[in-house]
Amino acid sequence: SSQLSSLPLQILLYVNGIYYIFYFLATLAMIIYKSQVFSYPDDFLAPDLAVLFLMAILEVPRLYLGFKGNLTEAEAPLGLSLGLTVGSVLLCVYLLLWQTYVLWADVLLNAVLLSAYGLESGLKVSAIAAFVS
Amino acid sequence: PADTRDAAQARVRSPPAPVTDVARLCVCDLLVAQCDINCCCDPDCSAEDFSLFTTCSVPVVIGDSQLCSQKAAVYSLDVEANPPERIFKLIDQVNPSIFCIHATNYKQALYLKSPEIPTPENFDQLLDKFGGATFSAEPDSWNLDTDAQNPPEANETSRYEYGVPVQTEDAFLRLPSPVVSSWCSDANPAGFLVNQATKCIRSVSVEKCDSIQALSMLFYINSSILAVPKSSQMVNITVQSIVVQSLNGMRTLLSSSDVLRLPTVSDELCINAVLGVNYHITHTDTGEIIEAAAAFVLGAISREALSIEQSFKISFTQENTQPVPLSGNPGYVVGLPVRAGFQPQGYPFPAAFSFNFPQLCVTSGIIQSSNKHSQLTILHSTSTQDCLAAQGARAPVLFGYNMVSGCKLRITAAMKCQPLAQTLLDVLKGQSFPEYVASFGNSQAQDVLDWVPITQLHISEQMFSHTLQSSCQIPVSLGIEVKWTKYGSLVNPQARIVNVTATITTTTLKQLPSGRERIIPITSSVVFTDISSPAEPSYKAWPTINIKLPFDFFYPFV
């Protein structure tokens, strides 16, 4: 078949977008819960919130470039999206390991997101390989 | 010695490390090197001690229970075994909640912070942070200054309050008064609504008397008073009256008081020197001064005099009121005299007449004595303790102060009963025993319903069972019981007199054989009883929704 766009990557990107909305709201709600129940001074709360919002800001272009690159079979946007994914992975690892309070729910959400990122990166690499060749 | 001192300081500087191992923590181990009873985690207890325990007072030692998984030390007593022994288990406690803390990167979250040990370097900073009435995270941004600032500088309100110095254009209204010694000090400010009267001595010399500022009238009236603090509205001090006192003490009121009389030296006398100033300040009920007047007493100083005594007085009156001395506003203040008076008899005019004949409208009211200390009085004990010799010494009844006083009556055979009874009644009750007592400290004389009548009781105390001996009774004690209650709001209760009962106890006077005499004690007492009922909190009524439709709402149909 002459279609080089990867269907699994498309499905994964779509599901990732929906999951990320849920992830963002849940993590924000849990940070608010933690700040009420535990002792959460301002200079520990600010970096955690900053990382969360930075990740949300990165996610939008990352998903858009992923969609666009996959559908137009262009490797440049897909490569850019892969680069942004690396940044998102680092921020996700921060929220998993170096947050002020890591609850069990945090561990679950971040682990799912990390595995989605990992799978996506693999599919993007194979899609780029398919487009280039 | 230097390095041992440093070592000691280093030891002091670091507090002991906190213990976090649950197996070694024991909360009930209070006695050092001794076994605590029923404390299963105490390392000082041996197996024999454990066999004597009945329960474990601390069954579980655990860290923060919010953690997902943590170690817990569980202590229990196995009572089945013989002898009973303690069981110690170290288990992993798991928190099943999905919101348990898996990890934390914030050390102080789960443990109490070790306090900083004060050293000479950080002492000032610690004192700033923790030395005030409240702790603050940012000691410099909040104003933690708990030192009282000077009241004149801190007073930013736009009206005078009680005790605030009365301000004039340059400084304060001065009321010279004796400070430490009897010499006059000009630095005493007059406080708003604080009625003061002071007397002090000023050193003078007749030659320089026109240059001594404090002897001239101008010194006391030249600066005008600010109507409210920190405003530009001025109130001039007017001269109300001038009284001239001659050398032998005779005072004459001058007819014209608008001429300013300054001290001058005239043939070895200094005339027109200020001997006394009496300020009258009129104010509104919002704390603004509207009028100020000063009444002077001027006198002459002779050449030999090296000092004169000056007296100063200031009084504050609210505008449109009569300056009646109140005993509280509205509730009685403890220590102020109880106000009492009489109702004039024989003027039972009905109210209708008072409208038709306005000049007769003051038909009822309470007449009080002008001296506030002689309205309700009791006998004042004297040093001689003889009732008949000390007639006339009375002490005012002060609100809240229970008093007992008395005297001794020497009865001889020659005394006749009836005059004696009347004399004793006068001694006990005084010349004018009032009929009504004001229920509030500020009850006005025209509000008759605000005044409580004094109930008079007579109790006859029989000394012996010889009831028919003689029908002559002499009063031996007067007991005034004042029942008062707390009135008004829970936060600021006011004392209100509800009931006053004056009880005269009489006893029969036994006839004495001639030549004998007896001494009987006569007592009078005042007791204040608080009969306040317990306070009931009351709440505001729920607001009601008041919706009314316009009257032509159903227009076509109605």
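A residue counts as buried when its relative accessible area is under 20%. This report applies that cut-off to a predicted model with a chain A and a chain B.

**A buried loop residue in chain B**

V204(B) lies in the loop between β7 and α5 (217-221) of chain B. Its relative accessibility is 6%, so V204(B) counts as buried. The residues around V204(B) can be listed. Not counting residues up to four places away in sequence, V204(B) touches I212(B), L215(B), I301(B), A305(B), L306(B), S307(B) and I308(B).

**Strand pairs in chain B**

Strand β7 (residues 196-203) of chain B runs antiparallel to strand β15 (residues 307-318) of chain B, and eight bridges join the two. Within this pair, A197(B) has K313(B) of β15(B) as its bridge partner. Strand β15(B) also pairs with strand β13 (residues 269-283) of chain B, in this case in the parallel sense and again over eight bridges. Here Y279(B) stands opposite I314(B) in β15(B).

| Strand in chain B | Partner in chain B | Sense | Bridges |
|---|---|---|---|
| β7 (196-203) | β15 (307-318) | antiparallel | eight bridges |
| β13 (269-283) | β15 | parallel | eight bridges |
| β22 (451-461) | β24 (494-508) | parallel | eight bridges |
| β1 | β2 (69-78) | antiparallel | three bridges |

**Two open sheets in chain B**

One sheet of chain B is open and has three strands in the order β1-β2-β3, with antiparallel pairing. Its edge strands are β1 (60-62) and β3 (85-94) of chain B, each of which pairs on one side only. From one strand to the next the twist averages 20°.

Another open sheet of chain B has eight strands, in the order β17-β16-β21-β22-β24-β23-β25-β20, and its pairing is mixed. The edges are formed by β17 (367-368) and β20 (403-412) of chain B, which each pair on one side only. Helix α7 (residues 417-429) of chain B packs on this sheet. The helix touches β20, β22, β23 (473-487), β24 and β25 (517-530) of chain B, and its direction makes about 25° with that of β23(B). Strands β22(B) and β24(B) are one parallel pair, and in it I459(B) has T505(B) of β24(B) as its bridge partner.

**Nonpolar cores**

Which residues have the most contacts inside the largest nonpolar core? They are V338(B), V437(B), I474(B), I480(B) and I497(B), in a core of 45 residues. At least two residues of this core come from each of β18 (377-379), β20, α7, β21 (436-438), β22, β23, β24 and β25 of chain B. A second, separate core has 32 residues, and V164(B), C200(B), M217(B) and I225(B) are among them.

V338(B), in the largest core, can be followed through its contacts. Leaving aside neighbours within four places in sequence, V338(B) is in contact with Y332(B), Q375(B), L376(B), V397(B), L398(B), F399(B), V437(B), I497(B) and F528(B).

**Chain A**

Chain A contains four helices and one strand. From the N terminus on, its elements run α-α-α-β-α. Of the 133 residues in chain A, 45% are buried. Among contacts in chain A with a separation of 6 or more, 79% are between residues 24 or more positions apart.

The unreviewed UniProt entry places the feature "transmembrane region" at residues 12-33, 45-65 and 77-96 of chain A. In the model, residues 45-65 of chain A are 100% helix and 0% strand, with the end C-alpha atoms 31 Å apart. Residues 77-96 of chain A are also 100% helix and 0% strand, and their end C-alpha atoms lie 28 Å apart.

Q10(A) belongs to helix α1 (residues 7-37) of chain A. Is Q10(A) buried or exposed? Its relative accessible area is 17%, so Q10(A) is buried. Beyond its neighbours within four places in sequence, Q10(A) is in contact with F67(A), N70(A) and L71(A). With N70(A) there is a polar contact between the two side chains, at 2.9 Å.

Technical notes
Residues numbered from 1 in each chain as written. Chains lettered and ligands numbered in written order. Predicted model: local features only at pLDDT ≥ 70, side-chain atom pairs only at ≥ 80, totals over all residues. Heavy atoms only, no water. Pairing = 2+ DSSP bridges. Contact = heavy atoms within 4.5 Å. Axes fitted to C-alpha atoms, helices over the stretch in contact; angles between N-to-C directions. Buried < 20%, exposed > 50% of the residue type's maximum accessible area, 1.4 Å probe, protein only. Polar contact = N/O pair within 3.5 Å; in protein donor to acceptor, adjacent residues only side chain to side chain. UniProt positions renumbered as here; feature names shortened; annotations may be inferred. Core = buried A, V, L, I, M, F, W, Y, C linked by side-chain atoms within 4.5 Å.
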